Amino acid sequence: MAYQSLQQEYLQIPLVTRAYTTACVLTTAAVQLEIITPFQLYFNPELIFKHYQVWRLITNFLFFGTVGFNFLFNMIFLYRYCRMLEEGSFRGRTADFVFMFLFGGFLMTVFGLFVNLVFLGQAFTIMLVYIWSRRNPYVRMNFFGLLNFQAPFLPWVLMGFSLLLGNSIIVDLLGKGTTSGIAVGHIYYFLEDVFPNQPGGGRLLKTPNILKAVFDIPEEDPNYNPLPEDRPGGFNWGEGQRLGG
């Protein structure tokens with residue numbers, strides 16, 4: 001009975017969020033069990049382009065370190081904001097969501113060629129957080145019950161928290177981790193949400209029809225109850241309330 005309930009809850013997670021978080025957890029479990037090593041996963045342009053180890057283009061987004069507080073922290077934020085995006089502004093637009101993944105992953109890979117990034121999962125998570133925060137600017141956030149702020153400041157709060165976990169601000173400013181995620185997230189946000197609304201602007205990012213044919217469902221399920229964006233619940237440091245509400 002408990003297994004069926006757990007399975008039902010798992011299957012209710014939106015497709016893209018379910019697939020990505022599952023892949024991240026399974027990759028970490030494989031490393032923890034010593035089935036594979038991080039050296040087989042990290043981003044290395046020479047191994048990719050000269051030795052054709054093309055799987056590294058994907059696996060470097062799936063490893064968040066060995067099991068510990070930092071891993072759990074990243075997984076919670078990844079699941080939380082990936083799901084809120086998929087059930088919020090990308091509701092009924094799975095193909096557009098997948099295209100955002102591909103676009104963000106491509107830009108981060110390009111950055112990785114120049115700034116020596118080896119694992120891009122944390123930066124990708126920050127990208128998701130940034131896009132959600134810019135699309136929900138009036139949501140009030142509470143971080144561990146200690147700090148209140150509006151959603152657009154969340155990525156910068158996470159940068160500060162990463163320092164408490166031991167990440168150097170110099171590393172972040174060089175383009176790793178939080179800063180690269182914010183940069184890619186802002187590029188996507190500008191091209192998708194800002195530029196089309198400017199005089200003479202337009203949508204430069206167009207989802208390929210093949211993705212729409214594969215992922216988009218013609219009709220939505222009227223009985224589906226999405227996770228509310230303003231009260232996702234479960235974790236005190238991300239719970240928010242809309243101003244005036």
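**View 1. Helices α2 and α5 make a right-handed crossing.** A crossing is right-handed if the near helix is turned clockwise from the far one by less than a right angle, and left-handed if it is turned anticlockwise. This is a predicted model, in which local features need pLDDT of at least 70 and side-chain atom pairs count only at pLDDT 80 or more, while totals for chains, interfaces and linings use all residues. Residues are numbered from 1 along each chain as its sequence is written, and side-chain values use heavy atoms, with hydrogens and water left out. The helix names follow DSSP: runs of H or I with at least four residues are helices, runs of E with at least two are strands, and the numbering starts at the N terminus.

The angle between α2 and α5 is about 165 degrees, and their axes are 8 Å apart. (Axes are lines fitted to C-alpha atoms, for helices over the stretch in contact, and angles run from 0 to 180 degrees between N-to-C directions.) The pair is therefore roughly antiparallel; that label is for angles over 145 degrees, with under 35 called roughly parallel, 65 to 115 roughly perpendicular and the rest oblique. Contact here means heavy atoms within 4.5 Å.

**View 2. Helix α5 is mostly covered.** Of its 19 residues, 14 are buried, where buried means under 20% relative accessible area, exposed means over 50% and partly exposed is in between (1.4 Å probe, protein chains only). Its length checks out too: 19 residues at 1.5 Å each should span 27 Å, and the end C-alpha atoms are 27 Å apart, which agrees. That expected span is 1.5 Å times one less than the number of residues.

**View 3. Here is the largest nonpolar core, with 52 residues.** A nonpolar core is a set of buried Ala, Val, Leu, Ile, Met, Phe, Trp, Tyr and Cys residues joined through side-chain atoms within 4.5 Å. Y20, M100, F101 and L128 have the most contacts inside this one. Two or more residues each come from α2 (15-32), α5 (69-87), α6 (94-115), α7 (121-135), β1 (139-143), α8 (154-164) and α10 (178-194). Zoom in on M100: leaving aside neighbours within four places in sequence, M100 touches F90, M127, L128, I131 and Y188.

**View 4. Helices α6 and α10 cross at roughly 135 degrees.** Their axes come within 10 Å, and the two helices are therefore oblique to each other. This crossing is right-handed as well. On the α6 side the contact uses M100, F103, G104, L107, M108 and F111, while α10 brings S180, G181, A183, V184, I187, Y188 and L191.

**View 5. Helix α7 has twelve buried residues out of 15.** They are G121, A123, F124, T125, I126, M127, L128, V129, Y130, I131, W132 and S133. The 15 residues should span 21 Å at 1.5 Å a residue, and the end C-alpha atoms of α7 sit 22 Å apart, which agrees. T125 belongs to this helix and counts as buried because its relative accessibility is 3%. Beyond its neighbours within four places in sequence, T125 is in contact with F64, N74, F77 and L78.

View 6. E34 is exposed, at 71% relative accessible area. The C-alpha atoms of G92 and F215 are separated by 9.6 Å, although the two are 123 residues apart along the chain.

**View 7. Zoomed back out, the chain has eleven helices and three strands.** From the N terminus on, the order is α-α-α-α-α-α-α-β-β-α-α-α-α-β. Of the 245 residues, 43% are buried. Among contacts between residues at least 6 apart in sequence, 67% join residues at least 24 apart.
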